[in-house]
Amino acid sequence: MALTPNIGLADETKNKALASSYPEPNTALGEQLQPEEIESAQAIAEIIGQTLRRKYSDGSVRRDAHPKAHGCVRADFTVPQDLKLRFAKGVFQPGQTYPAWIRFSNGDENPNRADGEGDGRGMAIKLMDVKGDFIDAASAADGTHDFIMISHPVFLLDSPNDYVSLIRAVNAEGFFAGLLKPVKAALALGITGLRNTSATTSLKIDNPLNTRYWSMTPYGLGTGEGQEAVKFSARPCTQRPHDVPDDPDPNFLRAAMQDTLNRGPACMEFLMQPRTSPAMSVEDTQTEWEEAEAPFYTVARITIPKQVFDTKAQHEFCENLSFNPWHALKAHKPLGAVNRMRKAVYKAISGLRHEMNDAPSAEPKP
């Protein structure tokens with residue numbers, strides 16, 4: 001693949017190294033490598049890395065996105081005994097229970113942003129003691145499988161080139177660059193991206209445990225003959241209306257979670273949405289798979305037991321956790337350009353963060 005100088009790659013050697021490990025598209029499920037996709041992934045990783053080095057030169061490096069955690073909680077992820085055979089693939093083995101860690105967060109890059117502001121909210125699940133055929137050896141050694149979700153069903157964009165333009169815009173330095181950020185970001189997002197961004201970042205919630213989350217991007221279910229494309233979601237077992245305080249504390253979502261878990265366990269349903277038409281493209285992450293056309297099915301139950309998580313030690317443990325959609329079994333391979341680029345970007349940024357923080361890069365155990 002030819003290099004594209006205008007997106008600012010560091011050198012050809014890095015690009016070749018990335019290309020050799022870049023995910024192969026699953027053409028059977030409709031994946032197709034996008035123009036300049038590999039170069040875009042490398043450029044995004046470099047831009048974000050430069051920003052983190054600059055932003056946290058004198059202190060502990062936070063995540064570039066979802067840096068503000070409300071907390072990491074212990075949970076059990078249980079697959080029902082009567083799960084339909086169609087869904088019984090990968091981690092979804094009937095009757096299986098996995099211990100898990102779940103990190104709830106705000107999406108904005110500002111780790112001090114008040115919880116009362118509108119924002120995309122994250123739910124990252126790490127299943128432990130998983131056995132099976134993993135995508136990579138590191139995940140197999142750790143025995144972990146991750147699901148990453150946010151409080152909106154679709155992603156901001158799906159074009160690699162537009163993704164680079166957006167990352168360049170939001171990470172630009174200087175007075176004039178700052179003035180032009182909104183314009184350049186809007187041009188990169190386009191009309192659909194702006195609509196998705198507005199819907200994602202305007203959400204106000206009263207409790208992360210009382211919120212629904214979506215995978216946004218598609219994943220495989222199974223391998224070989226009979227495999228299909230699916231999306232995931234998680235929602236509270238009991239639906240409640242949001243009751244956001246009028247003048248909340250900046251960190252009230254953490255307190256709301258702790259208050260709930262002081263009183264007893266919380267419950268969430270884990271859902272799977274099989275694709276029902278090839279028109280639901282795995283490369284298009286900006287368009288929702290409407291539930292009326294492609295219903296969700298419950299494939300697991302998440303139980304978050306009564307616990308105290310709001311401690312210094314637990315927050316430090318939470319910071320050192322890394323979540324990546326490619327920490328996964330082959331039966332749930334991430335699909336689409338956004339997910340393929342995530343593999344390169346997440347690995348690079350997680351490695352940089354742990355290196356600068358002098359923290360172990362292996363999956364930490366509490």
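A cavity is a set of points, on a 1 Å grid over the protein atoms alone, where a 1.4 Å probe fits but cannot get out; lining residues have an atom within 4 Å of a point. Grid points are joined across faces, edges and corners, and a volume is the space filled by probe spheres set on the points. This is a predicted model, where local features need pLDDT of at least 70 and side-chain atom pairs count only at pLDDT 80 or more, while totals for chains, interfaces and linings use all residues. Residues are numbered from 1 along each chain as its sequence is written, and side-chain values use heavy atoms, with hydrogens and water left out.

**Stop 1: the cavities**

There are 2 cavities of 30 Å³ or more. Start with the largest cavity, which holds about 60 Å³. Select P153, W214, S215, M216, K231, F232, Q273, E288, W289, E291 and F296 to show its lining. Colour by class: 6 of these residues are nonpolar, 2 polar and 3 charged. Here Ala, Val, Leu, Ile, Met, Phe, Trp, Tyr, Cys and Pro count as nonpolar, Asp, Glu, Lys and Arg as charged, and the others, Gly among them, as polar.

Next, the second largest cavity, with about 40 Å³. Select H145, D146, F147, Y219, F232, P325, A328 and H332. Strand β4 (residues 145-150) gives the most to this lining, with 3 residues. Strands (E, at least two residues) and helices (H or I, at least four) are DSSP runs, numbered from the N terminus. The class count here is 5 nonpolar, 2 polar and 1 charged. Keep F232 selected: F232 lines the largest cavity and also the second largest cavity.

**Stop 2: strand β7**

Select residues 228-236, strand β7. How many of its 9 residues are buried? The count is 8, where buried means under 20% relative accessible area, exposed over 50% and partly exposed in between (1.4 Å probe, protein chains only).

- β8 (residues 266-274) runs antiparallel to β7, joined by 7 bridges. Find K231 and its bridge partner Q273.
- β6 (residues 219-221) pairs with β7 in the antiparallel sense over 3 bridges. Y219 has V230 as its bridge partner.
- β5 (residues 213-214) is antiparallel to β7, with 2 bridges. Y213 stands opposite A234.

Zoom in on the β6-β7 hairpin, which has 6 residues between the strands. G222 in the turn has a positive phi of about 90°.

**Stop 3: the second largest pocket**

A pocket is an open set of grid points with protein on both sides within 12 Å along at least five of seven lines. The second largest pocket holds about 450 Å³. It is lined by 20 residues, and Q42, A45, A344, K347 and A348 are the closest to its centre. Show α1 (12-21), α2 (37-55) and α8 (337-356); each supplies at least two lining residues. The lining splits into 10 nonpolar, 4 polar and 6 charged residues.

**Stop 4: single residues**

Select A43 in helix α2. Is A43 buried or exposed? A43 counts as buried because its relative accessibility is 1%. Draw a C-alpha to C-alpha distance to V345: 9.0 Å in space, 302 residues apart in sequence.

Step to E36, in the loop between α1 and α2. Its phi is near 60°, a positive value in a residue other than glycine. E36 has 26% relative accessibility, so it counts as partly exposed.

Finish at H66, in the loop between α2 and β1 (68-78). H66 is not a glycine, yet has a positive phi of about 55°.

How values were computed. Pairing = 2+ DSSP bridges.
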